[in-house]
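Dear colleague,

I am handing over the structure that we spoke about, and below it you will find what came out of a first look. Please keep the sequence and the 3D view open while you read.

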Amino acid sequence: MGMLYCLMSMGINFIYGIMKVINWSMGEFFMIGSFAQYLLLLYVFPVRFWYAGVVVAAAIVFVLGVVVQYLLIKPMFVGIIEAKMEYATIVTIALSIFLRNVAVAIGGPYIYTPPDYAGPTKLLTLPLSGNRVIALLGAIVVLGLFYYFIKKSWPGRAFQGVAQNRSGIQTAGVDVLKYDMLAFGIGTALAGAAGALLAPVFLVHPACGAVPTVRGFEIIVVAGLGSIPGILVAGLLLGIAESLGSAFISPSFVDIYGFVLLVGILLIKPYGLFGKPERAV
Amino acid sequence: MGCSASRSEPFEPHNSKTCAASTSLLSMNTRLLKTIGLAGVLAAALGFPAVMSDYWTYVLTIAFFYAAMAASWNLLAGYTGQFSLGHHTFAMISAYTSTLLMAKAEVGFGPGIAAGILLAVVLSWALGVVCLKVHGLYLALITWAFAEVARNYLRMHFTFTGGDRGLDSALLFGTLKPLPYYYLFLGILVITVGIIAVIMYSRMGYYLRAIRDDAIAARSMGVHIVRYKVLTFIIASALAGMAGAFYGHSIGLISPVMGDFNEMAMIIIFVVIGGMRTQTGPVAGAIVIRIALELLREQSEIRIVILSILVILIMRFFNGGLMELVHRLPQWLHLGGRESVSAYDK
């Protein structure tokens, strides 16, 4: 289960790595991805082409993310606004409230059920929900593509450079502002893809982004801000802690185990498992 | 303006200690006007229930609760720059502690409320120690996760906490008539704003602003930044806990809705629209918006959409909110008056 939240964390962490901004409205982009997927499957694609739906939903969220970045986040970097952290936090929180309530106003507070991607399957003797298996495989494929893109392609290398040193990469001829925009779009598109993949698991309703976002943030804190391999480890750790806790103690307090794990890890390593201390303040 | 020369304190240019040289007739007058205005507002608030219906008295009682929450969040986020996204959670936890202690252990109101505030203090101390040592964003991330976890615990453990159905809370004055609660929350608001004003005018207030503006510079000037950040977090959470505990005992029913993220969003909306980093802004914002929300009760979904757009626009174009408007209006009308409260105007 932890793997499924990794897409969310990856999106948040990617945006943080490039722009040093935390996008609090990630859950709402997840929700938009879910809604887009639901509508696409209803009107455009037949159910067996659900993967095409995932791609299109991610593309829609990508465009939306770019527009949001252009209108709201970009002014941070062209000298209009100081106190960047405060500005980004408040604006993205307000954006999340805005998107969620617009969704309520348009779709109503109802829960929509998209069609199943696959029926129940069996792994040897273990019965599994087909939707979860598909979501897991889809998450792995998307993460693999993302990793390949970052490590091997030219734009990916430019992203690495921007994350390491913004002004340094500018002297090497990279248009940082353009890459910021792309990064925000890609980060939100990851959330949108997660939303589309998980639509049959979490169902589709205006607040469906809340749970994955909390998990996503927990994973990021455990992993350390800005660490990509840490996310996979932290996602698995969190999933294991929750499964063991609900199996051995009580399933009703499933949220608490993850949080206790998080606080415990922060006590030992204040910057998370793989985080590097920032310049001492 | 002579006194906004030093970068660290453009927020309180009428402070007489640092602006002794420029304390002219004008600033004396401003101060007198402020005192008179404050006294007038207080007197109006005291006399208000005599002229208005019970309904509007109740609306204002709730508005005072939110104003106290917004003011204490402003101390943390506005002045110190530490974003807690679990401010409402401390109010909820405090209300639940007090109610549960009274219901299960049969203690009185006093010990119950005191225990509620104490729990808020202990929890915020623990969280603050864990996450205020590092970069500021960790506090926001962790308090956010904490808020969701606490709310889900209260929802899930229904045999003990009542779950989504909520809990009946004993009424402090044994009646549902709003009049005594109105004065109670007026008192809480005055105490909250008073404590914050004392902090901001004391040495600690300058430390907090220094931490917000430039933590490295503050530390190199000898400010123990972690200690003051944790202390502020504890004070703000204790104030939220106090408001929350009394809130539970005055509405008579507490439920996990108090811990919903929308509550936090409302607090942020009040502070930003009222004006961050001002003493009056959050209070004015909370009261004005609560009344506006009551008037717009028919369009329940649209109103929060409008408010969130307003917040984005204010942050984007007009950093300073309602109080900024109040201060700028005389300038636009060519009446003089002091410069902006926001540090970010060119």
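To follow the first result you need one definition: a residue counts as buried if 20 or more other C-beta atoms lie within 10 Å of its own. By that rule, 49% of the 281 residues of chain A are buried. Please bear in mind throughout that this is a predicted model.

Let me begin with chain A as a whole, which contains eleven helices and two strands. The C-alpha trace of chain A spans about 55 × 45 × 40 Å along its principal axes. A compact globule of 281 residues would have a radius of gyration near 19 Å, and chain A has 19 Å, so the value agrees with that expectation. If we take the contacts in chain A between residues at least 6 apart in sequence, 72% of them join residues at least 24 apart.

Chain B has 14 helices and two strands, and of its 346 residues 49% count as buried. Among the contacts in chain B with a separation of 6 or more, 73% are made by residues 24 or more positions apart.

The crossing of α4(B) and α10(B) is right-handed. On the α4(B) side the residues that meet α10(B) include Gly116(B), Ala120(B) and Trp125(B), while on the α10(B) side they include Phe233(B), Gly241(B) and His249(B). Sorted by type, the residues of this contact comprise 15 nonpolar, six polar and no charged.

Finally, where do the two chains touch, and how many residues take part? In total, 38 residues of chain A are in contact with 39 residues of chain B. On the side of chain A that touches chain B, α4 (84-107), α9 (210-223) and α11 (254-268) each supply at least two residues, and the largest share, 15 residues, comes from α4(A). The residues on that side of chain A divide into 30 nonpolar, three polar and five charged.

With best wishes

Key:
Residues are numbered from 1 along each chain as its sequence is written. Chains are lettered from A and ligands numbered from 1 in the order in which they are written. This is a predicted model: local features need pLDDT of at least 70, side-chain atom pairs count only at pLDDT 80 or more; totals for chains, interfaces and linings use all residues. A crossing is left-handed if the near helix is turned anticlockwise from the far one by less than a right angle, and right-handed if clockwise. Helices (H or I, at least four residues) and strands (E, at least two) are DSSP runs, numbered from the N terminus. Two residues are in contact if their C-beta atoms, placed from the backbone, lie within 7 Å. Ala, Val, Leu, Ile, Met, Phe, Trp, Tyr, Cys and Pro count as nonpolar, Asp, Glu, Lys and Arg as charged, and the others, Gly among them, as polar. The radius of gyration is taken over C-alpha atoms; the globule rule is 2.2 Å times the number of residues to the power 0.38. A residue is buried if 20 or more other C-beta atoms lie within 10 Å of its own, exposed if 12 or fewer, and partly exposed in between; C-beta atoms are placed from the backbone.
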